[in-house]
2 protein chains.
Amino acid sequence: MNNFVFYSPTEFVFGRETEKQTGQLVARYGGRRVLVVYGGGSVVRSGLLQRVEDTLREVGLVYVELGGVQPNPIDTKVYEGIELARREGVDFLLAVGGGSVIDTAKAIAAGVPYEGDFWDFYAGTAKVEKALPVGVVLTIPAAGSEGSGNTVITKVEGLRKLGLRTVYELRPRFAVMNPELTFTLPPFQTACGICDMMIHILERYFTNTEEVEIGDRLCEGTLLAIIREAYKVKQHPDDYQARANIMWCGTIAHNGTCGVGSEEDWASHFLEHEISALYGVTHGAGLAVMVPAWMTFMASHHPEKVAQLAERVFGVPVSEDKEEMALAAVARLKHFFRYMGLPVNFRELGIEQPDIDELVRKLHENKGDRLGNYMKLTMDQCREIYELACR
Amino acid sequence: MNNFVFYSPTEFVFGRETEKQTGQLVARYGGRRVLVVYGGGSVVRSGLLQRVEDTLREVGLVYVELGGVQPNPIDTKVYEGIELARREGVDFLLAVGGGSVIDTAKAIAAGVPYEGDFWDFYAGTAKVEKALPVGVVLTIPAAGSEGSGNTVITKVEGLRKLGLRTVYELRPRFAVMNPELTFTLPPFQTACGICDMMIHILERYFTNTEEVEIGDRLCEGTLLAIIREAYKVKQHPDDYQARANIMWCGTIAHNGTCGVGSEEDWASHFLEHEISALYGVTHGAGLAVMVPAWMTFMASHHPEKVAQLAERVFGVPVSEDKEEMALAAVARLKHFFRYMGLPVNFRELGIEQPDIDELVRKLHENKGDRLGNYMKLTMDQCREIYELACR
């Protein structure tokens, strides 16, 4: 186990009707003039936005709106938000939506008090030193952004999709999480969210750090819960308890609870980022394609941890042949993804002829010569994994 | 799953040599004049106190000391601390020790700004509305107080051992956790700490709240990790990795991670509190006696969740006879406790003839007619559990 800092100061207010507390929470965390950030029209049509804004008015807060955040959120919306927030003297960002909305709100929060271009933070040429506070009303359990200090934004010019990680500055002050708000998510979006949170766990699980028993057990326990509850959600989208379990799993998958003390991997995520940047696919669906391919590659190169996953999560009998165990885990994971309605190769993702040259070129441009930690992949090996994802 | 708030804002700084950061952390969280609270002489003899105080001086902080906190900490030490803190204009409490030291520091932190008697908070006649900030350098993984808003103090007059729970006010701002500091704990104290953290998990696990799959899985995963690492620690007290796993398990056992969304039980803790208050035994040892007795009682009255524990943590084969499964879990838990050197009945705890009448009388006085939630025990049933603990 490596030295680590666990710091998850967000106040998670979880359960039925909790969105009614939004106004009080914004006020408690110092908001006076609020920028409400949201995505497509679903929060408008469902009436959620109205209900949330009512709670702001009830406690005497002033607010302006920024709608239209799209999946794989882009820099132009962030610039728009920064300008609006400055013009209106906003002192608090309230994200009402999923990961894209939250990540956009975080980018605005960092950009408002910064004199330069907010993209500097993502390009790694500047460090976030202060930011406006952010609060969240979560509608899509997936990205875990409600409990992390991270944000991912795509620069339209050049289609660069880059992440930013902060320890303190960009963690939401609170996250309101009502599982009922997720009943109406389309099945595909539910499945993509579930895949996303599972992979957040696996990126931490696949590590060479030794003796991380508690980190491993928390990863495995969370994965076991996700899989069991996902089957229920698939059958009964309005099963409150199953939705509640899934929603909380999405948060702890990404707030540091899982995989504590481990050097994390993240190769699969970076392999996927190039796909969603180039083809605009949903991140969770791209992951459902790339992770089994990555695991298949590892079965023949570095199977140990994949074999442990096979045993402890998928009930694969222990054998001396770790490669066989790892491949059994891949088969079971693919079966699960298929059941959920997710693609497990490029063709099913709707990409008949992926431009692997271009994917590898962009990957190299964004990430350099090596990718991941569980195994430090060369660009040739990354190409091989993209090729495995064609099968 | 019930509605819940998960709020664990403490910054946990974990790993080798982390105590060197103490001074910087106190300063970051606003401390200027620090009251350093500690227990017996072990932190003096080991040089830890000196090293920690050096880090305070290095960043220009002023401090005074309050030593001599004893296990099962008492109100008289709290009064002494409150008086000292007021006289010296202290604005930060730094606990260097285990649960007793931390709980005493929290009581002082709540008492200093309060005009009445701090005991009001524990007696339930007043609510903590403000408190001085508390930081921790942890030396005993056990109570989980480094990550909780709770504190337990015994009033010498009448031997009343009562707990106080706060959501915000008494959570430590930071906890420095270096597993190396635990190498020299005596085996019995190590075992008591391990028992304490296991029972913190079980008090949350034993619930009637339905569909708490993720809460259950986190409990089970943490228990699996504790048991595996405890065997290693028993064999090799200076196994850094095993100590590290155990130390982190003690924190997440009690910071709200485990058993989220469940109505918790706590009957075993209250049954034990009367024993340690009356006989002065170590809390963890008292729990090792009371929990198997409580589980034995449940095997014949309400075995379902005990049977799930049997299957998922102790590998007991699933059968229709839940009572049998539950009793198998009791047998395995007792075997584990015995291996660790813990008592599993009153006699082994050194109490040949427990005064069960007096224990039940005090329990009734402190807790009223009913105890626990998994099953709401009558005082007659509590008596039965005390009697089971004699076997």
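User: Which residue of chain A comes closest to the rotation axis?
Analyst: This is a predicted model, in which local features need pLDDT of at least 70, side-chain atom pairs count only at pLDDT 80 or more, and totals for chains, interfaces and linings use all residues. Residues are numbered from 1 along each chain as its sequence is written, chains are lettered from A in the order in which they are written, and side-chain values use heavy atoms, without hydrogens and water. Chain A can be laid on chain B by a turn of 180° and a shift of 0.0 Å along the axis, with an RMSD of 0.0 Å (least squares on C-alpha atoms of residues with pLDDT of at least 70 in both copies), and the two are thus related as by a two-fold rotation axis. At 1.8 Å (C-alpha), the residue of chain A closest to that axis is P9(A).

User: How many residues does the contact take from chain A and from chain B?
Analyst: Contact means heavy atoms within 4.5 Å. Of the interface residues of chain A, 100% are also interface residues in chain B, so the copies meet through the same surface. The contact takes 44 residues from chain A and 44 residues from chain B.

User: Which side chain of chain A meets E213(B) in a salt bridge?
Analyst: A salt bridge needs a side-chain nitrogen of Lys or Arg within 4 Å of a carboxyl oxygen of Asp or Glu. The rule finds 4 salt bridges across the interface of chain A and chain B. At 3.4 Å, N to O, the partner of E213(B) is R228(A).
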